[in-house]
Each structure stands twice: as C-alpha cells, then as structure tokens.
Amino acid sequence: MDSVSRAAEIHSSSIVADGAVIGHGVRIGPWCSIGPDVVIEDGVHLIANVIVDGHTQIGPGVVCYPFTTIGMAPQDLKYRGESTRCIIGARTVIREHVTIHRGTATGTGVTRVGDDCLIMANSHVAHDCALGNSVIIVNNVVMGGHVTIGDHARIMGAAALHQFVRIGRAALVGGVCGVEADVIPYGSVLGNRARLVGLHWIWLKRNGVQAEEVHRLRRAFRALYPRAMEEQSMAFSQRMASVRTEYGDEPKVAEILAFIEAPSHRGLVRVAGGGAVSIESDGV
C-alpha cells in the first residue's frame, strides 16, 4: 500500500496525519481523525466522526460507525505512553460510541479484536483484551483489562466482565450479567453475579452439532456439575477424572477440560442453584 492510496476517498473535513498508511478503496467520511502510526487496510469504511490513534492496525473490510474511538491510550494509571498496539481483524463491524483502547507495557502490549466480530453501540473493549473471531458484543457491554473471549462467544447487553476473566469458545453470557470468574467453552451464564446454568445449546444446534453429540455433551456436563447432593459431595477433581475417562474422546468435552485446567487469574464461575433456568436464545 502507498502511504495514502490514490483510490481512497477522504472527506475534506477529516485529518489524516503524515505517516498514516491508507489502503485501496478506503472511505473516510466527515470529521474523522487518523494518527501518524495508524495502518488502515483495503476497503475499510469510517462512516463519520471516527478517531483512530496510536499504533493501530485496522483490517480489510472493517466498518466503523460514528463516534467510535480506536487505539486511544488505556485507562491504566501505570501507562506512561509506551508504544503499545491495537489490532482489529478483517470485516469486523464497530457500532456507535464504541471505545477500544490499546494495550499496556505491563500486559500483553496489544489489544486485539478478531475477524468478523460485531461490537454493538456503547461497548468498551479495555487494554490488553483479546477477542477471537466471530464474537458478538451486544450494546453497553463493558470489560476490564486483560479479558479473553473465545471464538463465537456471545456477550449480551449491559454485561460487565471483570479484568482477567476468560470467556470460552462459543460461551453465552446473559444480559446485565456481572462476570467475575471464567466461563467454560460452550457454557451459559446468567445473573448478577454470574452463575453457570448449562451449556449454550442454541449455538451448538445452530452450528451443526449432531443430536448424539449434544446428548453426550449434556451427560458430560451433568457428570461434571451434578444436581444430586450426594454426587456434589465428590471432589471436583474426581468428577473431572471421571468425565475424562468416560467422555474424554469427545473433542468439545476435551476442550472444556483443558480450559478448566489452564492457568487462571479468576477461577471458574460457580454453578447456579437448582431453581435456575438456562438461556433459550442467544438474543441476536
């Protein structure tokens, strides 16, 4: 790419600093501001009033709606202006008033949003967060620094994710949910504070998981998180071993067990009591 591609369309009211790299087919609408260390790849559309700053890379085909800010300095009192980064993956859509901050030197140094994500209005992606591919963040979601969200996860409206929390692949976080601990892959959590109520059955069924595999996942989940009091008295490590022996050849079960055993700053979300109900829709 040239520093500013001749094929780019840049509104006369927008400011593109010297040094910024603008790709082919980029459209920059009114009143945008692009910093000197920014790379905007081919086909990006900044609709209007978008600010992109810092060492930020925006992947091809991204669409940013008005009043979004990407790559601004993190809200971390330890930050001293280090050259940290922000990376947005291809074809991601960022809606109005979203804020995505760059990383910190004391974290990973980069805030990363994957390909094909949808981040809805008024949401905040904090420093050093890492979002996988095809993640959906619904309106007014806030997350602390260092949050990790796996591919295909769904975070419903006004949820709040504590710093360092891990959200597993294809997990579902319910609306207005305060998440203080890790959510297993395919897990479904509700409430304030968040409690595990089951697996994300809707996503599994919509994404081609066959009925027999769903039944095996359900049995494995119930063996790991039993309802009966006498079964709950068994140590969690023993239940883990039992599930690995009986269901460990199932890839999704193996993924859940590996997630549980991985290092964690926050531990695991607790299981809901007997009166809880599962989420019947991913809401989007």
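This is a predicted model: local features need pLDDT of at least 70, side-chain atom pairs count only at pLDDT 80 or more; totals for chains, interfaces and linings use all residues.

Is Y225 buried or exposed? I looked it up: Y225 is buried, with a relative accessible area of 8%. For these notes, buried means under 20% relative accessible area, exposed means over 50%, and partly exposed is in between, with a 1.4 Å probe and protein chains only.

Residues are numbered from 1 along each chain as its sequence is written, and side-chain values use heavy atoms, with hydrogens and water left out.

**Entry: aromatic rings**

I read helices (H or I, at least four residues) and strands (E, at least two) as DSSP runs, numbered from the N terminus. Y186 counts as buried at 2% relative accessibility, and W203 is buried too, with a relative accessible area of 5%.

Then I went back to Y225, which forms a tilted aromatic pair with F236, 5.9 Å centre to centre with 40 degrees between the planes. Y225 lies in the loop between α2 and α3 (229-232) and F236 in helix α4, so the pair ties together parts eleven residues apart in sequence. F236 counts as partly exposed, at 27% relative accessibility. I also noted that F221, Y225 and F236 form one aromatic cluster.

**Entry: three helices**

Two packed helices are described by the angle between their axes and the distance between the axes. My axes are lines fitted to C-alpha atoms, for helices over the stretch in contact, and angles run from 0 to 180 degrees between N-to-C directions. Under 35 degrees counts as roughly parallel, over 145 as roughly antiparallel, 65 to 115 as roughly perpendicular, and the rest as oblique.

I started with α2 (residues 211-224) and α4 (residues 236-247): their axes come within 9 Å and cross at roughly 160 degrees. That makes α2 roughly antiparallel to α4. Their crossing is right-handed. A crossing is left-handed if the near helix is turned anticlockwise from the far one by less than a right angle, and right-handed if clockwise. On the α2 side I found R216, R219, A220, A223 and L224 in the contact, and on the α4 side F236, R239, M240, V243, E246 and Y247. Contact means heavy atoms within 4.5 Å. The residues of this contact split into seven nonpolar, no polar and four charged.

Next came α4 against α5 (residues 251-261), which pack at about 155 degrees with their axes 10 Å apart. These two are therefore roughly antiparallel to each other, and the crossing is left-handed. F236, M240, V243, R244 and Y247 of α4 meet V253, L257, I260 and E261 of α5. I count seven nonpolar, no polar and two charged residues there.

What about α2 and α5? Their axes come within 10 Å and cross at roughly 30 degrees, and the two helices are therefore roughly parallel. E213, L217, A220 and L224 of α2 meet K252, V253, I256 and I260 of α5.

**Entry: two buried spots**

A170 is in the loop between β24 (166-167) and β25 (172-173), and A170 is buried with a relative accessible area of 0%. Leaving out residues up to four places away in sequence, A170 touches D151, H152, A153, Y186, H200 and W203.

I149 is in strand β21 (residues 148-149) and counts as buried at 2% relative accessibility. With the sequence neighbours up to four places away left out, I149 touches residues including A130, L131, V135, M143 and L161.

Technical notes:
Ala, Val, Leu, Ile, Met, Phe, Trp, Tyr, Cys and Pro count as nonpolar, Asp, Glu, Lys and Arg as charged, and the others, Gly among them, as polar. Rings of Phe, Tyr and Trp (its six-membered ring) pair if their centres lie within 6.5 Å; planes under 30 degrees apart count as stacked, over 60 as edge-to-face and the rest as tilted.
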